[in-house]
Amino acid sequence: MIVKSLEDLIGTEDETYDENWSSRRFILKKDGVGFSMNDTIIKAGTENFFWYKNHIEAVYCIEGEGTIEKVATGDVYDIKAGTMYLLDEHDKHILRAKTQMRMVCVFNPPLVGKETHNEEGYYPLLTE
């Protein structure tokens, strides 16, 4: 059994961030369960281009409001607490945060914990 609290992660190597977001990584590849899970904060007023070409991501919003745009089609969806979206086609997308958003993010294959978005917006597929 693995038990962690948010306080266990903040300010450690299991918290990754940039100017628009921070990601606290609860479950990682080293845990051996086949997926990873993050508690992610998206800062209010930011626009974020992401593309997980190496991962499938499911996101559940637990706080805040924003929109997600599927770049390929221009379709825009409202995101608020209680909304889930699944990037099942490695969708390039733009996440716009109207307010601070808190998201629970699940990745397959799992993240190792050191990933940050590269210049093309995606996480490299790290093994260690």
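Which side chains meet in a salt bridge with an N to O distance of 2.4 Å? They are those of Arg-102 and Asp-39. The model is predicted. Arg-102 lies in strand S10 (residues 101-108) and Asp-39 in strand S3, so this contact ties together parts that are 63 residues apart in sequence.

Asp-39 has another partner. Its side chain also meets that of Arg-24 in a salt bridge, at 2.9 Å from N to O. Arg-24 sits in strand S2 (residues 21-27) and Asp-39 in strand S3 (residues 36-42), so here the linked parts are 15 residues apart in sequence. Both Arg-24 and Asp-39 are buried.

A further bridge pairs Asp-91 with Lys-70, with the closest N and O atoms 3.4 Å apart. Asp-91 belongs to the loop between strand S8 (84-87) and strand S9 (92-97), while Lys-70 is in strand S6 (residues 65-70). This pair links distant parts of the chain, 21 residues apart.

Through shared partners, salt bridges join Arg-24, Asp-39 and Arg-102 into one network. Across the whole structure, a search finds six salt bridges. The three described here are among them.

How accessible are the residues involved? The table lists some of them.

| Residue | Relative accessible area | Class |
|---|---|---|
| Asp-39 | 6% | buried |
| Asp-91 | 10% | buried |
| Arg-102 | 24% | partly exposed |
| Lys-70 | 25% | partly exposed |

Asp-39 counts as buried because its 6% relative accessible area falls under the 20% cut-off. Arg-102, at 24%, is partly exposed.

Terms used:
Residues numbered from 1 in each chain as written. Predicted model: local features only at pLDDT ≥ 70, side-chain atom pairs only at ≥ 80, totals over all residues. Heavy atoms only, no water. Salt bridge = Lys/Arg side-chain N within 4 Å of Asp/Glu carboxyl O. Helix = DSSP H or I, 4+ residues; strand = E, 2+ residues; numbered from the N terminus. Buried < 20%, exposed > 50% of the residue type's maximum accessible area, 1.4 Å probe, protein only.
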